[in-house]
Amino acid sequence: RWTRHGEMDDTSSDRVHTTIDASNEFNPSMWDEDDGLQEMLNAVEGVLHDCPKEFEKLKGDAEKPLYPGSTKYTRLLAVLKLYNFKARYGLSDSGFTALLELVQDMLPEENVLPTKTYEAKRILCSTTGMGFEKIHACPNDCILFRNQYATLENCPKCNASRYGKKKGKSPLKVVWYFPIIPRFKRLYSNAEIAKLLTWHADERIEDSNLRHPADAPQWKKVDYDYPDFAHEERNLRLALSTDGINPHGVQSSTHSTWPVILMIYNLPPHLIMKRKFMMLSMLISGPRQPGNDIDVYLAPLIDDLKLLWEEGVDVYDGHREESFTLKAMLFGTINDFPAYGNLSGYSVKGYCACPICEDETYSLRLDHCKKNVYMGHRRFLPSKHRWRKWKKAFNGESEEGSPPKMLTGTQVFEKVRHLDNNFGKPFAKQIGTSGWKKKSIFFELPYWKFLYVRHFLDVMHIEKNICDSLIGTLLNMQGKSKDNVNARLDLLKLGIREELAPVEQGNRTYLPPAAYTLSKKEKKLFCEFLEGIKVPEGYSSNIKNLVSVKELKLKNLKSHDCHVLMQNFVPVGIRSILPKKVRNAITKLCMFFKLICSKVVDSTKLLDLQRLIVGTLCELEMYFPPSFFDIMVHL
């Protein structure tokens, strides 16, 4: 628990809250007289032992008086307290710069207070123990100018200049790499955190339930295959996640910057996703997304991961008060589906979009909707199941197929090992449009091909997409509904549910009501139900603000809103407005998400859960149009 960055200890909490409530002004008495700088320096010294210049600079700032004759404030202490003031009251960078200039002007001459936000950040940067490496990149994503390419001015593949037309200026594209090893050392130097990093071995409940990644078969497989790695319970197992963001906050901008985040799976479940333990390892600048060329940028991180696996690094454990050799492995990646394709090297579009089914993906191109859909879920049913023989309720044919066999990591590696990775935007057209497009850089990790699952599907994004499709179809929301004239024409062309074919009535086209069609009165009942929901503070956003009873639609749904709607409110809201069979199918779909998102999952019931979702998808095929079954539903 930090106590030197503005947080108050328990003994002074009442006084501090009174001060803040009484006036919104800065009060220096909020901090203890003991600045604690020496304690901080002792903690940072162990992390920065490989960077003596950084530590000496930090130590010098901690000893240098703010101005000649000052006995209370040093340069570092003044910047720490002022920056904490900025964070506490939400000052912008420009506002903080103005504050620094004002305070610097008030102080006696020859003071050493910085006058720019950037200068203040540079002073505080070394206190985190997090340095960074700025690496120039080819503007076309061909290479990084590092190692053998460090001194080159032009890309050896596409001949593009790293500086563009203005040589000697800033590079056109860069990647910031934040080394992970110093931060692991700092985590273990803290006794409390070092103890938490062995939670999976010391405090985890071990039974047949899944509560933590350590309960998963993959964790146990790593323990069995690599006993030396498993013997040291302090060795780390990491997860990697990345996605594109627009740091400028402009909706119309297509700028895409990609942060690469590492999570530590050794921690208790409630801490794995906390900001303190999520490590920004890389920042890939825009304005274009790297796409399949992301492997070029991941090279520095992969080098560190290989070092941590093969050799390890010497780390001091503050809890056990001893040094040991720390090793780490990448347990898997977890992203949304497009980023899943970029990292794995599999094409997630087209006829073979499913990375599990691969060439055996059951896909169909809809001529009128102009999209690929993925149905055929009856092949996952038992071979003697009665629905396999039903023709009229499905696609007009009986189902004799069997489910595809999932490939092992070794089999996947054999398929991609001979692929020529020709990275760079000018060479993108040489890559195929389906199946495996590259050998992922993760296969350079010695253990990668032996893992059961290498890339995890992100339930959050799948759940949100399905929620949008389901509610959009029920309320017939424009742009969200999967039921329209084109969807009905595709039904007619496929020869199924012909009674739902669109009917021309003068200048208008009438769509006969389907099993899921709601009248205007039923839509209003559903919207009024959602509008009247009241939940505890912090449970979700205010549902009332998401519903428009007048327009009969939901708007501005965020991922967590879809999460609570699917798992709690949709099954209740549809009880009186849909036929029983359709209602039951939707309720079972919602129940599936609720069960797999539980904090505790009974592993003995996973096969039953698999059978539940297969049956549910088959039921949905009976009632919903083919356009509903996009790749998210299939996943």
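I take contact to mean heavy atoms within 4.5 Å, and helices to be DSSP runs of H or I with at least four residues, numbered from the N terminus. The model is a predicted one, in which local features need pLDDT of at least 70 and side-chain atom pairs count only at pLDDT 80 or more, while totals for chains, interfaces and linings use all residues. Residues are numbered from 1 along each chain as its sequence is written, and side-chain values use heavy atoms, with hydrogens and water left out.

Entry one, a helix pair. I looked up where α4 (residues 75-89) and α5 (residues 93-106) approach each other, and found that their axes, lines fitted to C-alpha atoms over the stretch in contact, come within 11 Å and cross at roughly 140°. On the α4 side I noted L82, Y83, F85 and K86, which meet D93, F96, L99 and L100 of α5.

Entry two, helix α17. For residues 485-494 I listed A487, R488, D490 and L491 as buried, that is, under 20% relative accessible area with a 1.4 Å probe, protein chains only. Their directions from the helix axis to the C-beta atoms fall within an arc of 155°, so these buried residues line one face of α17. At the start of the helix, I found a side-chain oxygen of N484 within 3.2 Å of the backbone nitrogen of N486, and after the helix comes G495, with a positive phi near 75°.

Leaving aside neighbours within four places in sequence, I recorded contacts of L330 with residues including L238, L262, L305, F442 and W448.

Methods. Buried means under 20% relative accessible area, exposed over 50%, partly exposed in between (1.4 Å probe, protein chains only). A polar contact is a pair of N or O atoms within 3.5 Å; within protein, one must be able to donate a hydrogen and the other to accept it, and residues adjacent in sequence count only if both atoms are side-chain atoms. Axes are lines fitted to C-alpha atoms, for helices over the stretch in contact, and angles run from 0 to 180 degrees between N-to-C directions.
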